[in-house]
Amino acid sequence: MTAIRLLVGLGNPGPRYQDTRHNVGAAFVGRLAQRLQISLKPENRFKGDMGRGQIGGHDLRLLIPTTFMNLSGDCVGAVARFYQIAAEEILVAYDEMAFEPGVVKLKTGGGANGHNGIASVIEGLGNVRDFHRLRIGVGHPGSKDQVTAYLTSVRMPEKERELVRDACDFPQSTLETLIGGDMARAMNIIHAPPPEPQPPGKQGT
């Protein structure tokens, strides 16, 4: 197993894009930084906000590129080269239209599947694709013509944002498994269906 040394959250910079669906990856890393009390500070040489901390004894850098989404690889590639972080030591969190809000899935390697941020990260890493991906469901507008506005111009409804937050609020043990690099186990935990609700009067029986 290879531990994760760099966790990246993709999004677009500035208040205009805050709470849009395209920024759920950046929001995930921002919330995680608060939870772990890791201060994210501007690193102009890397074009991103970055902090460093520990999870389960593993040294981890959190990174939110401050470039636009389609230039995310400029930031990720620069950080990876400077700190000599291999692709398999990187986890990138981003929005995934193939899943509904509240669904989060892990994946290792593969193509960009039309996601400009992932395409840029692949390019920034020298066309190496073996990094891990945390795909955060945001749903699909139903029409290809509406995708850009759906992702970048429309504020995500509060109910959907709550579903995303709840799905990404991993228990500490799950975070440690994920950052520790046990991707098979992390996938089993994260991909498991939620427990069926107990009928009234059946709890504790």
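This is a chat about side-chain pairings in a predicted model.

Colleague: New to this one. What kind of model is it?
Modeller: A predicted model.

Colleague: Let's start with charges. How many salt bridges does the structure hold?
Modeller: The structure holds 10 salt bridges.

Colleague: Why would such side chains pair at all?
Modeller: Side chains of opposite charge can pair when their charged atoms come close.

Colleague: Give me an example. Which residue does glutamate 89 form a salt bridge with?
Modeller: Arginine 5. Their closest N and O atoms are 3.2 Å apart. This pair links distant parts of the chain, 84 residues apart. Glutamate 89 is in the loop between helix H2 (72-83) and strand E5 (90-96). Arginine 5 is in the segment before strand E1 (6-9).

Colleague: Is glutamate 89 buried or exposed?
Modeller: Buried, because its relative accessibility is 15% and the cut-off for buried is under 20%. Arginine 5 counts as partly exposed, at 26%.

Colleague: And arginine 21? What does its side chain meet in a salt bridge?
Modeller: Glutamate 160, at 3.3 Å from N to O. Arginine 21 lies in the loop between E1 and helix H1 (24-35), and glutamate 160 is in helix H5 (residues 158-168). So the pair ties together parts that are 139 residues apart in sequence.

Colleague: How accessible are those two side chains, and which counts as buried?
Modeller: Arginine 21 is the buried one, at 5% relative accessibility. Glutamate 160 is partly exposed, at 21%.

Colleague: What else does arginine 21 do? Which ring does it lie over?
Modeller: Tyrosine 150. Arginine 21 lies over the face of that ring, 3.8 Å from the ring centre.

Colleague: Back to salt bridges. Which residues are linked in a network?
Modeller: Asp19, Arg155, Glu158, Arg161 and Arg165. Take the bridge between arginine 165 and glutamate 158. Their closest N and O atoms are 2.7 Å apart. Arginine 165 is partly exposed, at 29% relative accessibility. Glutamate 158 is partly exposed too, with a relative accessible area of 34%.

Colleague: Which side chain joins arginine 161 in a polar contact of 2.8 Å?
Modeller: That of glutamate 158. A polar atom of the arginine 161 side chain also lies 2.9 Å from the backbone oxygen of methionine 156. Leaving aside neighbours within four places in sequence, arginine 161 is in contact with Asp19, Arg155 and Met156.

Colleague: Switching topic. How many disulfides does a search of the whole structure find?
Modeller: 0 disulfides.

Colleague: Now the rings. How many aromatic pairs?
Modeller: The count comes to 5 aromatic pairs. One of them is tyrosine 17 with phenylalanine 68. The pair is edge-to-face, 6.0 Å centre to centre, with 85° between the planes.

Colleague: Where do tyrosine 17 and phenylalanine 68 lie?
Modeller: Tyrosine 17 is in the loop between E1 and H1. Phenylalanine 68 is in the loop between strand E4 (58-65) and H2. So this pair ties together parts 51 residues apart in sequence. Tyrosine 17 is buried, at 12% relative accessibility, while phenylalanine 68 is partly exposed, at 44%.

Colleague: One more pair. What does phenylalanine 46 pair with?
Modeller: Phenylalanine 82, edge-to-face, 5.4 Å centre to centre and 65° between the planes. Phenylalanine 46 lies in the loop between strand E2 (41-43) and strand E3 (48-55), and phenylalanine 82 in helix H2. So the pair ties together parts 36 residues apart in sequence. Phenylalanine 46 is buried, with a relative accessible area of 4%.

Colleague: Which cluster do ring pairs link?
Modeller: Phe46, Phe82 and Tyr83.

Colleague: Last one. Which arginine lies over the face of phenylalanine 82?
Modeller: Arginine 45, at 4.6 Å from the ring centre.

Note on methods. Residues numbered from 1 in each chain as written. Predicted model: local features only at pLDDT ≥ 70, side-chain atom pairs only at ≥ 80, totals over all residues. Heavy atoms only, no water. Salt bridge = Lys/Arg side-chain N within 4 Å of Asp/Glu carboxyl O. Helix = DSSP H or I, 4+ residues; strand = E, 2+ residues; numbered from the N terminus. Buried < 20%, exposed > 50% of the residue type's maximum accessible area, 1.4 Å probe, protein only. Disulfide = S-S within 2.5 Å. Phe/Tyr/Trp six-rings, centres within 6.5 Å; stacked < 30°, edge-to-face > 60°. Lys NZ or Arg CZ within 6 Å of the ring centre and 35° of its normal. Polar contact = N/O pair within 3.5 Å; in protein donor to acceptor, adjacent residues only side chain to side chain. Contact = heavy atoms within 4.5 Å.
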